[in-house]
Amino acid sequence: MRKMLAAVSRVLLGVAQKPATRVLVASRNFANDATFEIKKCDLHRLDEGPPVTTVLTREDGLKYYRMMQTVRRMELKADQLYKQKIIRGFCHLCDGQEACCVGLEAGINPTDHLITAYRAHGFTFTRGLSVREILAELTGRRGGCAKGKGGSMHMYAKNFYGGNGIVGAQVPLGAGIALACKYNGKDEVCLTLYGDGAANQGQIFEAYNMAALWKLPCIFICENNRYGMGTSVERAAASTDYYKRGDFIPGLRVDGMDILCVREATKFAAAYCRSGKGPILMELQTYRYHGHSMSDPGVSYRTREEIQEVRSKSDPIMLLKDRMVNSNLASVEELKEIDVEVRKEIEDAAQFATADPEPPLEELGYHIYSSDPPFEVRGANQWIKFKSVS
Amino acid sequence: MDEELERDEKVFLLGEEVAQYDGAYKVSRGLWKKYGDKRIIDTPISEMGFAGIAVGAAMAGLRPICEFMTFNFSMQAIDQVINSAAKTYYMSAGLQPVPIVFRGPNGASAGVAAQHSQCFAAWYGHCPGLKVVSPWNSEDAKGLIKSAIRDNNPVVMLENELMYGVSFELPAEAQSKDFLIPIGKAKIERQGTHITVVAHSRPVGHCLEAATVLSKEGIECEVINMRTIRPMDIDAIEASVMKTNHLVTVEGGWPQFGVGAEICARIMEGPAFNFLDAPAVRVTGADVPMPYAKILEDHSVPQVKDIIFAIKKTLNI
C-alpha cells in the first residue's frame, strides 16, 4: 500500500522520469519464490550430488541479479578506463563469469574464506568491497582498497586473500587457510580457486595430496573458462576432466553459467567439507567474453562466433533474468530499474576513481613490516630516503 | 621452539621429518611427543606445497614455523617465500600480515657437495619485506628463534648444521623463557682497536680464533657478529670502522653480490668511508659450486688462516 502511495505521489509530482507503468508495477503481485530445475552435475567418487531442483526466492533473485549486473558493468567500466589509459598494467576481466563469483558467495557464509588468482575483481566485490574501492585500486589512487599499492591483482578484504599474481601459488595458500580453519575448529571452509591453465601446476597436486591426507576443509574450485591465456584446454591438458584430476579427492562438474547450479553445488561442497570428510573439488564450466587480459583481443585463438554463441545462449545474467521474469519473480521493468541504478553506481565509482589523487609519495616506503617502529627505506640513490611506517 | 609452542597455541611447526623422526638434525626432538599431531606436522616431500600451506595458515592468523630440511630445498618453494610471504603486507597496504618463520640449516656442511652446500643469505637478504637472521652460537639461536616466532613478519632463520653439535655456555639472562634477541641488532663479540672484522653464522667463531692468534702478535681485532642479515645493523659496523679504520668482512657464501659486497657498498656511502685507512676487504667462500673431495672442500670455505691473511693484508703487515 505504501509503495503504491509513493508511486502515485511520484507520478503526480512529475519528479521521476518513470513511466506510468510504475504504478502498475507497485500494485502487481509477484511470486515469493519459484522452483527451478538445474543441470545434474557430473560426479567423481561421489554417490550423490547436489539436488537437481532448487527454490529461488524473489529477494535472493533480485540480490543475485543486482550483484551480477554490478560485476558485469564494473568490468566493462574497467575496460573503458583501461582503453583511456587511466588503468595501466595488468587488467584481467571476468565478464561472462559472473555466475561463478556470485553463485559461490551465495553458497557460503561471510565467515568462510576465499582465495583466487588474478581474475579477481568479481570476487573482491562479492566478498564485500565496494565498486568505488575496487576501481580506485585499479586506477592506483589512495582511495583504493590497497591504497593504490597493489593494483588489479592484489586486492584483499576480510576473509578474502586476494588477488594473487603467480599462477597456481594461491592453491597451497588456500589449503593453508583451510588448515587454519581446521586448527581453529570453527567449521569454516576455504574456497580455493584456480583456472584451467593453473590446473597443470605441480604445486596444486602437492596441495591436493596434503589436503586429502590431513582432511583439510578445502573446496578446490577449477574455474574452467576453456582457455589458459591463449591456449585452449585441449592443447594444455592430457585430461580435461578437471573435476577428476584431484584423483582421490571427490569432484563435481558444474554448469558455471547458471548461478543456481553454482549455488547448489557450493552448498553441497561446503556441507561435505564441514562434515569433516576432507577436501572436495568443483569444476565450474564457464566462459570469459574478454581476452585473457586487456592486452589480448581474445580472437586469435578462438572465433568471434564462439564468443557470440555463448553470449546469446548462455549469458548468466540473461539466464537469471529470463527465469525470474518467466516465473513472475520480477518484472522486466523492475530489472531495468536495477540496471539503471547499477549504471549510476558504477559511474559514480568511476568518477571517484578518476578524480581521487594518487597515494602520497611520502608513503612509498610504508608497509614493509607489520607492527614495527618506523625506519628508513632507501630510494633510488643513497640520498633519497623514505620513511617506513607499519 | 618448545617455549614458544607452550606460550602461544597458535604456533605450530611443519616440515619433513620434524615430528616422528624428531627432526632430520634432531632440532625438534621431543616436540611431537609433547605436542602431538596438531602442532607438530610431518609433511610429504612437497616444499612448494607445504611452504604455501604454511604461508596461507599465517595469513589466516596462525603462527607457523616452516622448516626446510636445508635451505637448498627452499629453492623449490622460493616463490612462496618471496611473492606470497615477503611482499604481501606491502601489496595489501598493511591489511594482510604474514607472521611466519622459515628456518633450517643453511650453507656448507661437511662432504655434502654442491647441491647441498649453498648459502642463501644474499638471496633472501636481497628482498624487502623479509627479515633474515643468522645465529652463530646457542644464545643467538635461542634469542633469535624466539624473536622470529613472536615477530609479525616473515622471518628467514639461516641456521648451520655444523653448529648444531657445538655447545656453548649460556649466560644467566639467556636462560629465561622470555630471553629475546632483537632482530636488526649486531653484537660485538670481542672489543678491539686495530681492525673491524664482521661475520655471520659459523665464520664468527673462525674470526674469534683468528683474533686470538693475532692478539699474541699485538693486533687487537674487533669482532662483530651480525646476527641479522636484514635489516642490517650497518650503524654498529660503521661505528666500529670509525674507531679502527680498517674493515674485513667474512662469510661462507659466494663472493659475487654477497653479504660482504653489500657491507662494503654501504661503508662507502656512509660516514665511515672517510675513516678507512685501507680498502675494505672480503673473505668469502670460493667462487665455485662446492666440491666433494676434502682437500677441495677445505679450500672452498674461508678458513682461519684466510681470515688472518686478509687482516694482515689490510693492516699492511
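In the predicted model, Cys207(B) lies within helix α9 (residues 203–215) of chain B, helices being DSSP runs of H or I of at least four residues, numbered from the N terminus. Cys207(B) is buried, with a relative accessible area of 2%; buried denotes under 20% relative accessible area, computed with a 1.4 Å probe on protein chains only. When residues up to four places away in sequence are not counted, Cys207(B) touches Val197(B), Ala199(B), Val223(B), Val250(B) and Ile307(B), contact meaning heavy atoms within 4.5 Å. The C-alpha atom of Cys207(B) is separated by 36 Å from that of Ala19(B), which is 188 residues apart along the chain.

This is a predicted model, in which local features need pLDDT of at least 70 and side-chain atom pairs count only at pLDDT 80 or more, whereas totals for chains, interfaces and linings use all residues. Residues are numbered from 1 along each chain as its sequence is written, chains are lettered from A and ligands numbered from 1 in the order in which they are written, and side-chain values use heavy atoms, with hydrogens and water left out.

Other cysteines were also examined. With a disulfide taken as a pair of cysteine sulfur atoms within 2.5 Å, the count over all chains is zero. Cys145(A) is in no disulfide, the nearest cysteine sulfur being that of Cys91(A), 13 Å away. Cys145(A) is buried, at a relative accessible area of 11%. Cys66(B) likewise takes part in no disulfide, and the nearest cysteine sulfur, from Cys127(B), is 16 Å away. The relative accessible area of Cys66(B) is 0%, and this residue is buried.

Helix packing was examined within chain A and between the chains. The axes of helix α3 (residues 58–83) of chain A and helix α6 (residues 131–138) of chain A come within 11 Å and cross at roughly 25°. Therefore α3(A) is roughly parallel to α6(A), a term applied to angles under 35 degrees. Axes are lines fitted to C-alpha atoms, for helices over the stretch in contact, and angles run from 0 to 180 degrees between N-to-C directions. The contact involves Thr70(A), Met74(A), Lys77(A), Ala78(A) and Leu81(A) of α3(A), together with Val131(A), Ile134(A), Leu135(A) and Leu138(A) of α6(A).

Helix α6(A) is mostly covered, with six of its eight residues buried. These are Val131(A), Ile134(A), Leu135(A), Ala136(A), Glu137(A) and Leu138(A). The buried residues of α6(A) pack against α3, α5 (121–126) and α13 (332–355) of chain A. After α6(A) comes Gly140(A), with a positive phi near 70°.

Between the chains, the axes of helix α7 (residues 170–184) of chain A and helix α3 (residues 47–59) of chain B come within 6 Å and cross at roughly 50°.

The buried residues of α4(B) are Asp79(B), Gln80(B), Val81(B), Ile82(B), Ser84(B), Ala85(B) and Ala86(B).

Terms used
Helix = DSSP H or I, 4+ residues; strand = E, 2+ residues; numbered from the N terminus. Parallel < 35°, antiparallel > 145°, perpendicular 65-115°, else oblique. Buried < 20%, exposed > 50% of the residue type's maximum accessible area, 1.4 Å probe, protein only.
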